[in-house]
Amino acid sequence: MATQIQSIPLSARPAESDSIPAPALPPISRRKQAVVLLSAFMTIALTIGYNQCFGVFQEYYLSSSQDIIVPSPASQASPPTALLAFVGTLCYGLTWAGGILVNPVISRIEHGTWTLTTPSTRLWRRRIMRLLTPRTITISGVLIMTVGFTLASFSSSIWHLLLTQGFLVGLGMSLLYFPLLAPAPEYFTSHRATAMGFILAGGGAGGLIFSPVIRALLSSVGGRWTLRIYAVFNLIAGLPIAWAVPKSRFAGVSPAGGPGRRDTHVSRALASRPTFLFSVVAAFLQSAGAQLPLSFIPSYTVVLGLTASNGATYLAVSNAINAVSRVLTGYAGDRLGRQNTLFLTLLLAACSVFAFWLSSVLSSASSSSSLSLWLAFIALYSASAGGYYALFPALIAEVFGIQQYAAVNAFILFVRGLGTMFGSPVGGQLLGSSEQGTAAYASIAYWDGALLMGATVCCVGVRWADGKGKAWKWIA
C-alpha cells in the first residue's frame with residue numbers, strides 16, 4: 001500500500017514572511033509523523049519521567065534504611081535535605097539547560113557547517129567529523145546516562161551522587177533529549193499543540209511507571225542494586241530511541257535570499273522584545289515552582305503518617321494525572337487559544353497550592369482533613385501543572401515563528417534548567433528548620449505558591465505584549 005503523503009507548509013510570523021519567502025520543505029508522510037511522535041514520547045518518558053520521580057530516591061536517601069550514604073543522613077541532627085534535593089534538580093536542570101549547547105551543534109551538523117573538505121585537514125580530524133552525527137550524539141547520551149547510574153551505585157557520599165546521578169545523568173539526558181525534541185514541532189502544524197501535548201505526556205507516563213517500580217526495588221534489593229538495574233534498563237530502552245532521531249525539516253533547505261539553517265542563537269533584537277523577556281521570566285519562575293511538589297510528595301506523605309510506598313504511589317498517581325492533562329490541555333489550546341489556556345492552567349496551579357497544600361500544612365497532621373486536602377491538592381495540581389509543559393513548545397512557534405523555535409526554545413529551556421536548580425534546593429533549605437511535622441512545610445508551600453503566581457503574572461505580560469504587536473485576538 002502506498003504511504004499517504006501530506007504536504008505541510010511551515011512559515012514564520014506573517015510580518016517576517018513578507019520579506020523572506022517561506023522555504024519549500026519536503027512533504028511529511030503519516031508514518032514519519034507517527035515515528036516522530038513515538039520516539040519523542042519515549043524520550044520524554046526516559047528523561048523527564050525519571051526526573052519527575054526522583055522524589056522517591058530523595059525520600060529513600062533521607063530514610064534510616066538507605067545503604068548508599070555514609071553516615072546516614074537520618075542519623076544527623078540536621079539532615080542535608082537541600083543538598084540531596086540538589087542531586088535531582090541538578091540532573092533535571094542539566095537536561096534542559098544543555099540545549100543551549102546541543103541545539104547549535106545539531107544544527108551545524110545537519111547543515112554541513114562543520115564539513116571538512118580541504119586536503120590539508122588532518123586525517124584523524126576528518127574521521128571524527130564524519131562520525132559526528134545527531135545519532136552519534138544521542139547514542140553518546142544514552143551511554144553517559146548508563147555510566148552515571150552505574151557509578152552512582154558505588155557512591156558513599158552526597159558529592160559522589162552529585163557527580164554521577166546528578167551531573168553525568170543530566171548531561172546524558174540533555175544529549176538524548178534535544179536532538180529528538182527540537183525538530184518535533186516542525187512535523188506538525190494545525191494540531192501542533194495536541195501533538196506536543198501527547199509527546200510531553202511521556203513525562204507523566206514515565207513517572208507513573210518508574211515511581212512504584214523504583215520504590216519496590218529500593219525496598220527489595222536496596223539502593224545500589226536499584227541503580228544498577230536501572231542502568232541496564234536505561235541502556236536497553238535508550239539505544240533504540242537514540243537510533244530513531246529525526247532530521248530537521250530545514251536541513252539542506254534554503255529559502256530565496258538566505259540560508260536554510262534554523263537560528264540557534266537569540267539575537268539582540270529578539271532578546272529585547274517584551275514577549276521574549278516575559279517568556280523568559282515566566283519560564284524561570286514556573287520551573288522553580290513546578291518541581292517543588294514532585295520533590296516533596298513522598299516525604300510529606302510520610303510526615304502525614306503514611307508509608308514510603310504510599311508516597312511513591314501518590315507520586316505515580318500525580319504523574320498519571322499530569323500525563324492525561326498534557327494531552328487534554330494541548331487539545332484545548334488548539335481550540336481555545338494556547339496563551340489563554342496556559343494562563344488558566346498556571347493560575348489554577350498557583351491557587352491549588354494556597355487553597356489545598358497550605359491548608360493541609362496548617363491543619364493538624366493527625367486530622368483526616370489534612371490528608372483529604374493533600375489528596376485534593378495532588379489531583380488538582382497535577383491536572384493544572386501539565387498545561388505549561390504541553391503548551392509552551394507550540395506557543396514558542398506561534399509567537400516567535402517556527403524558524404526561531406530552536407533558538408528560543410533552547411534559551412528558555414536553559415533558563416528553565418536554572419530555575420529547576422533554584423527552586424527545590426531553596427525549598428529544602430526552608431524545610432531545614434526546627435519545626436516538626438507538617439508545620440515544617442509551611443514555608444515551602446508559601447514559596448511554591450509565590451513562584452507559580454509570579455509565573456502567571458508574566459504569562460499575562462506575554463499575552464499583552466504579543467497582542468500589542470499583532471492584531472488583538474480573543475482566541476490566542
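Are E59 and R215 buried or exposed? I looked them up, and both are buried (under 20% relative accessible area with a 1.4 Å probe and protein chains only; exposed is over 50%, partly exposed in between).

A note to myself on the model: it is predicted, local features need pLDDT of at least 70, side-chain atom pairs count only at pLDDT 80 or more, and totals for chains, interfaces and linings use all residues. Residues are numbered from 1 along each chain as its sequence is written, and side-chain values use heavy atoms, leaving out hydrogens and water.

**Salt bridge.** I found one in the structure (a side-chain nitrogen of Lys or Arg within 4 Å of a carboxyl oxygen of Asp or Glu). E59 pairs with R215, and their closest N and O atoms are 3.0 Å apart. E59 sits in helix α3 (residues 54-61) and R215 in helix α9 (residues 192-243), so the pair ties together parts 156 residues apart in sequence. Helices here are DSSP runs (H or I, at least four residues), numbered from the N terminus.

**Core.** Next I checked the largest nonpolar core, which has 114 residues (buried Ala, Val, Leu, Ile, Met, Phe, Trp, Tyr and Cys joined through side-chain atoms within 4.5 Å). Its largest share, 14 residues, comes from helix α14 (residues 368-400). Y50, Y61, W357, W374 and Y441 have the most contacts inside this core.

**W374.** I then listed its partners, leaving aside neighbours within four places in sequence: W374 is in contact with I297, Y300, T301, L304, Y314, W357 and S360 (contact means heavy atoms within 4.5 Å).

Technical notes: Helix = DSSP H or I, 4+ residues; strand = E, 2+ residues; numbered from the N terminus.
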